[in-house]
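Please keep the sequence and the model in view while reading.

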There are 2 protein chains.
Amino acid sequence: MDFSQVFDPISNQLERFETRYKEILQSDSVIIRRITEHLMGASGKRLRPALLYLTSGKDNDSALYAALAVELIHTATLLHDDVIDESSTRRGIDTVNYKWNNLISVLMGDYFFAKAFGLLVKAEKPDLMTSFAATTERVSVGELNQAFYTGNFDIDEDIYLQIIADKTASLFACSAEAGAICSGQDPKTCDMLKSFGENLGLAFQITDDLLDLIGESTKTGKSLGSDIREGWVTLPLIYALRNGNAEHKKRFQGILGADIAQSDLDEVVGFVRKNGGIEYAEQKAKGYVEKAIAIVRGLDGLPTRGALENLATLAAARDK
Amino acid sequence: MDFSQVFDPISNQLERFETRYKEILQSDSVIIRRITEHLMGASGKRLRPALLYLTSGKDNDSALYAALAVELIHTATLLHDDVIDESSTRRGIDTVNYKWNNLISVLMGDYFFAKAFGLLVKAEKPDLMTSFAATTERVSVGELNQAFYTGNFDIDEDIYLQIIADKTASLFACSAEAGAICSGQDPKTCDMLKSFGENLGLAFQITDDLLDLIGESTKTGKSLGSDIREGWVTLPLIYALRNGNAEHKKRFQGILGADIAQSDLDEVVGFVRKNGGIEYAEQKAKGYVEKAIAIVRGLDGLPTRGALENLATLAAARDK
């Protein structure tokens, strides 16, 4: 099973989404046109809009506006994430900060945020605005806290989980809740679907962090070990360090960084494997998938229940 | 006359603004606390909130939320503007990108944008949202176009004016319109005050660009010639180049840049002076001030009319 199969019931909505996404990014500005054309060369899986359509079940204008907004916000955060010297490719194409520069990448992200804001205003649903406002705040807080804990080997599992919940899971939660809001579901259902999205997002990010250590770069489209190069300690290493000793921590603190040698990187991965870090992170991701599935199973009337279960399972799959 | 005198009739509102501004920036996150405390060390003139209160004339919650939002958005754009290696001080203190790094400056700007968005949702006024959404888009388009035309000596006056209208005047226009919206004024008055803000903003930016060439760095808080160092050609030089010849353009294109020598900088300023660039920009700024004043003179019932006239005059004053 892959995403295209899971998204089959909403293929019409996603097609309409693609058409409108291209339309709203038309611009009189030469530089905006050049950058959007460049970004269209590698457009991603549209995971968040798909989640939104699956929880909505309807194809009305507000769902379309919300789906466009969530993808624009996601792309904006990527453009801002890339403002560090190391990232030169994303989804197999040059990053905007590499092809242009940091400032352009930042401003283009701001432009996407502004576009998202405008679409949400058009959707005319106060609950949607409230959800998106709280979410964009959570995303930035999560990212700032990640930056703060980068290079810090004393980070524990609770802090790590809070950070990935804020920076990643919040936008999945918002997508799922937004779908429910746009189809006029009752507040309890909206909350349950939000919680579904949050658990799915946690599973997704833990798996993403795991693949950054042990995945295949041809499949992930990113270079392996990027977290370690940035000094960002993720769950597999956090767990392994609990089973290691103070010497390990000291040694890794010394070697981790942008210019880590391949042999040192291999040593870290070997240490994580030996100390059960891989299995622990896998189990943790599976736990969130199970929570997500338990939530949708409680929603009897939802026609897309099966697709949402499959989507949750895929979030923790290594090969998507 | 200075800003503190003009702001006298709204001193209570501005005091309440300061208290709430500090409150909303409280955070559990250590890094956010550190950065906001740093930024509080040099808080700026609160020009945009003051404009909003002067056009509103009322001190209700929606005006407070809108005033907080406009200042947060302004600060966010400064944090993003600073993401170029050259700017290490702003308002006399270290920039966030200098004291921390580019990524932190970007994320902190995003955090401020998100906070602004949340406050606008609380204001519960659809017209306010529409105005802010269009404005944040204009700001980013203006900034992107400025980045695109940086280093380009063929920029003409129309393009320059469009760029400063988008990147700067739009937020003044939005502030003035927002004040009118929050006090429930009729659509025609809202539009007139918006246009007042736009003209004031144009005068403000032209004067700012002029001061970057011929001001005193102790008063502006910035180092002189920063536009020239960045390769951004502003109105005084655009006008002077019209009166120069192709050789001048070629020569300046060659010497302008981050590492320009003081003697070369002096040569450019001398060229601008000799060719009437200073007077032309001054006259242009005054023209926008007069337009702004003519607009508020048409608003008979506005109790703060006099203060708005003085504010417009100050926008083009060299010594504020």
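How many residues does the contact take from chain A, and how many from chain B? The contact takes 34 residues from chain A and 34 residues from chain B. These values come from a predicted model.

## The interface

Three elements of chain A give two or more residues each to the side that touches chain B. They are α3 (30–40), α7 (102–123) and α8 (126–149). The largest share comes from α7(A), with 14 residues.

What is the make-up of this side by class? The side of chain A that touches chain B has 22 nonpolar, eight polar and four charged residues.

## Symmetry

Chain A superposes on chain B by a rotation of 180 degrees. The shift along the axis is 0.0 Å, and the RMSD is 0.0 Å. The two copies are thus related as by a two-fold rotation axis.

Which C-alpha of chain A is nearest the axis? The C-alpha of A:V106 is, at 3.5 Å from the axis. Both copies use the same surface: 100% of the contact residues of chain A recur in chain B.

In chain A, helix α10 (residues 187–214) packs on helix α17 (residues 305–315). Their axes are 8 Å apart, at an angle of about 25 degrees. Angles under 35 degrees count as roughly parallel, and α10(A) and α17(A) are therefore roughly parallel to each other. From α10(A) come A:F196, A:L200, A:A203, A:F204 and A:T207. They meet A:L308, A:L311, A:A312 and A:A315 of α17(A). By class, this contact has eight nonpolar residues, one polar and no charged.

Now chain B. The axes of α10 (residues 187–214) and α17 (residues 305–315) of chain B come within 8 Å. They cross at roughly 25 degrees, which makes α10(B) roughly parallel to α17(B). On the α10(B) side stand B:F196, B:L200, B:A203, B:F204 and B:T207. Facing them in α17(B) are B:L308, B:L311, B:A312 and B:A315. The contact of α10(B) with α17(B) has eight nonpolar, one polar and no charged residues.

## The nonpolar core

In soluble globular proteins, nonpolar side chains tend to be buried together. The largest nonpolar core here has 220 residues. Which of its residues touch the most other members? They are A:A203 and B:A203.

What does A:A203 contact, leaving aside its neighbours within four places in sequence? The partners are A:A285, A:Y288, A:V289, A:A292, A:A312, A:A315 and A:A316. Two of these, A:A312 and A:A315, belong to the α17(A) side of the helix contact.

## Two loop residues with positive phi

Most residues other than glycine have a negative phi. A:R46 has a positive value, near 55 degrees. A:R46 is in the loop between α3 and α4 (47–56) of chain A. Is A:R46 buried or exposed? A:R46 counts as buried, because 20 C-beta neighbours lie inside 10 Å.

A:E124 also is not a glycine, and its phi is positive, about 55 degrees. A:E124 is found in the loop between α7 and α8 of chain A. Both of those helices also contribute to the side that touches chain B. With 13 other C-beta atoms within 10 Å, A:E124 is partly exposed.

Notes:
Residues are numbered from 1 along each chain as its sequence is written. Chains are lettered from A and ligands numbered from 1 in the order in which they are written. This is a predicted model: local features need pLDDT of at least 70, side-chain atom pairs count only at pLDDT 80 or more; totals for chains, interfaces and linings use all residues. Copies are superposed by least squares on the C-alpha atoms of residues with pLDDT of at least 70 in both. Two residues are in contact if their C-beta atoms, placed from the backbone, lie within 7 Å. Helices (H or I, at least four residues) and strands (E, at least two) are DSSP runs, numbered from the N terminus. Ala, Val, Leu, Ile, Met, Phe, Trp, Tyr, Cys and Pro count as nonpolar, Asp, Glu, Lys and Arg as charged, and the others, Gly among them, as polar. Axes are lines fitted to C-alpha atoms, for helices over the stretch in contact, and angles run from 0 to 180 degrees between N-to-C directions. Angles under 35 degrees count as roughly parallel, over 145 as roughly antiparallel, 65 to 115 as roughly perpendicular and the rest as oblique. A nonpolar core is a set of buried Ala, Val, Leu, Ile, Met, Phe, Trp, Tyr and Cys residues joined through C-beta atoms within 7 Å. A residue is buried if 20 or more other C-beta atoms lie within 10 Å of its own, exposed if 12 or fewer, and partly exposed in between; C-beta atoms are placed from the backbone.
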